[in-house]
Amino acid sequence: MPFTPGMDFAGVVREVGSEVTDFAVGDRVFGATLITRGGSYAEYVTAPAAIVAHVPENIPLGIAAAVPLAALTAWEATFNAAQRDGRAGNRVLIQGGAGGTGTFAVQFAKQCGAYVIATSSAHNHDLLRKLGADEVVDYRGARFEDVVDPVDAVIDLVGGDVRCGRSPSFAKVACWSRSYHLRTPRLSARPSQVVMAFACLTLI
Ligand SMILES: NC(=O)c1ccc[n+]([C@@H]2O[C@H](COP(=O)([O-])OP(=O)(O)OC[C@H]3O[C@@H](n4cnc5c(N)ncnc54)[C@H](OP(=O)(O)O)[C@@H]3O)[C@@H](O)[C@H]2O)c1
């Protein structure tokens, strides 16, 4: 059988298994299939009920379909980074804060009580401030190593030379104690967890 790619999905339930109680035919749902399974670039997809969540009434399905993987990735990284040692108020640097994943990470980190520093192009700075960033850095105009004070955690959504430890100026930043590189994310949050946060966050 050929492999059908795609993880994010949103749509209307057509059938449910005999033991499914949380969903009914006609429900609007979204989720992300397992990374090894794929299959969402298709007209129909099957998924375990445990990884499916209801789409809030005010969210169109086309927008909902863009949420799960980006938000789950941000969720996984952010709650590790922003709540390290159970402390609120950690300083968290989010590289690539204006991207699909970064816009969720900025909001989740802020919800955790973190002090959020985000890098982006200058034209995205107003957006990042609206999402809750305390500091914004134009990566085209300054090197973050030169303008950001030490932080407790880094969520790296850019990689390459930006990656802490490979940067030539890495040594100038004294205490990067932990960083999260999301090229190969580990996903464990359920879409339903994201839905809970989703209701009170800004969706762009
Ligand atoms: N989206 C997902 O579902 C998902 C899931 C798992 C992992 N990932 C991984 O997460 C990473 C980000 O994905 P994404 O979907 O969020 O990407 P994206 O929407 O394309 O956003 C990338 C952002 O990176 C910023 N950027 C580019 N060069 C930069 C630099 N040198 N310093 C700081 N920021 C820089 C850009 O900011 P400006 O526009 O402000 O210039 C852009 O907004 C990728 O490695 C991707 O593979 C994504």
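Begin by selecting strand 1 and strand 2 (residues 28–32), which pair in the antiparallel sense over five bridges. For one of the partners, pick Ala 10, then go across to strand 2, where its bridge partner is Phe 30. Keep in mind throughout that this is a predicted model.

The three strands form an open sheet in the order 1-2-3, with antiparallel pairing. Strand 1 (8–12) and strand 3 (52–54) are the edge strands, each pairing on one side only. Neighbouring strands of this sheet are turned by 25° against each other on average, with direction ignored.

Next, show the whole chain as a cartoon. Its secondary structure comes to six helices and eight strands. Followed along the sequence, the pattern reads β-β-β-α-α-β-α-β-α-β-α-β-β-α. Of the 204 residues in the chain, 35% are buried. Among contacts with a separation of 6 or more, 67% are between residues 24 or more positions apart.

Select the ligand and the residues around it. Which residues are closest to the ligand? They are Gly 96, Gly 99, Thr 101, Ser 120 and Ser 121, out of 22 residues that surround the ligand. Helix 2 (68–82), helix 3 (100–111) and strand 5 (115–120) are the elements that give two or more residues to this shell. Coloured by type, the shell residues divide into nine nonpolar, twelve polar and one charged.

Stay with helix 3 and select it alone. Helix 3 has twelve residues and reaches 18 Å from its first C-alpha to its last, close to the 16 Å expected at 1.5 Å a residue. Is helix 3 largely enclosed or exposed? Nine of its twelve residues are buried, so helix 3 is largely enclosed by the rest of the structure. The buried residues of helix 3 include Thr 101, Phe 104, Val 106 and Phe 108. Just after the helix, click on Gly 113, which takes a positive phi of about 90°.

For the last stop, go to Ile 155 in strand 7 (residues 153–156). Why does Ile 155 count as buried? A residue is buried if 20 or more other C-beta atoms lie within 10 Å of its own, and Ile 155 counts as buried because it has 31 C-beta neighbours inside 10 Å. Val 106 is one of the buried residues of helix 3.

Notes:
Residues numbered from 1 in each chain as written. Predicted model: local features only at pLDDT ≥ 70, side-chain atom pairs only at ≥ 80, totals over all residues. Helix = DSSP H or I, 4+ residues; strand = E, 2+ residues; numbered from the N terminus. Contact = placed C-beta atoms within 7 Å. Pairing = 2+ DSSP bridges. Axes fitted to C-alpha atoms, helices over the stretch in contact; angles between N-to-C directions. Near = placed C-beta within 6 Å. Nonpolar A, V, L, I, M, F, W, Y, C, P; charged D, E, K, R; others polar. Expected span 1.5 Å × (residues − 1).
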